[in-house]
Amino acid sequence: MNSERLISLRGVTVDLPVQETRARSLRKAALGIAVGGVLMRSRNDHVTVRALSQINLDAHHGDRIALVGPNGAGKSTLLRVLAGIYPPTQGTITTNGVVNAVFDSSLGLDMNLSGYDNIAVACRYRGIDRATMEGLRPSIVEFSGLGGFIHLPMRTYSLGMMARLAFAVTTSIAPDILVMDEWLATGDATFMEQAQERLRNLVDEARILILATHSMALVKSLCNKVAVLDHGRIAYYGPLDQLPAGVYPPLD
């Protein structure tokens, strides 16, 4: 197996602000926050949540990594750090290759533009140049299955139609590093079958997969490594078959 290191995280810490909350309201805030991070008070009396703390992780060509842990453990935050959406508060992250994030697929879309024009917007948001976008657009339109609706404003779309177009754009290019928040399923049965096949092709072509999931069946079918997160820290990271007994989650 190629041992090329494509991802390196060193001491990555992420603090997220709790909007409109001061330290004097800390107890009230703590009761209302559904997150497994640590509540902290800053010098200016603002409250933040330490969503990730001192994350060290290396990923190499061929790694298929499952991020597991209870809700609020930091899985989605870590994916957003890897995708470049959240900058680390502390620490460094180095990636070598194109990262494609298959989540928050509606980011960057303009409800007042047509679906056709939004393909260009979404591609630009994801760093895809215009020439490449023009080459991809016919297949994106076809895969979305929107037909004539592709030329109508997106504000006229149902949520399902938006999801289909966003999914078609997001999965149009095979990346070096594929990060996913759960295994997506959207639309009617026919589209779901097509989407599942497309996702599996992306996984096969990607040099690295990092998947946040609660499905142990999916972990065992796709992944060779597991990172167990607990309150924003890594409790275990290593081969799936060496996961110590008693560490979340049970894989039997």
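**Pocket, helices and cysteines of the predicted model**

With a relative accessible area of 38%, Asn 201 is partly exposed. This value, like those that follow, was computed from a predicted model. Partly exposed denotes a relative accessible area between the 20% below which a residue is buried and the 50% above which it is exposed, so the 38% of Asn 201 falls in the intermediate class. Asn 201 belongs to helix H6, which spans residues 189–205. Although Asn 201 and Ala 174 are 27 residues apart along the chain, their C-alpha atoms are separated by 8.4 Å.

Helix H6 also contains Phe 191. In contrast to the partly exposed Asn 201, Phe 191 is buried, its relative accessible area being 1%. Because burial is assigned under 20%, Phe 191 qualifies at this value. A distance of 8.8 Å, C-alpha to C-alpha, lies between Phe 191 and Phe 143, two residues that are 48 positions apart in sequence.

Helix H2, formed by residues 75–82, is mostly covered, with seven of its eight residues buried. The buried residues of H2 are Lys 75, Thr 77, Leu 78, Leu 79, Arg 80, Val 81 and Leu 82. After H2 comes Gly 84, which has a positive phi, near 85°.

Strand E6 supplies the largest share, namely three residues. By residue class, the lining of the largest pocket consists of twelve nonpolar, five polar and three charged residues.

A disulfide is a covalent bond between the sulfur atoms of two cysteines. The structure holds zero disulfides.

Definitions and conventions
Residues numbered from 1 in each chain as written. Predicted model: local features only at pLDDT ≥ 70, side-chain atom pairs only at ≥ 80, totals over all residues. Heavy atoms only, no water. Helix = DSSP H or I, 4+ residues; strand = E, 2+ residues; numbered from the N terminus. Nonpolar A, V, L, I, M, F, W, Y, C, P; charged D, E, K, R; others polar. Disulfide = S-S within 2.5 Å. Buried < 20%, exposed > 50% of the residue type's maximum accessible area, 1.4 Å probe, protein only.
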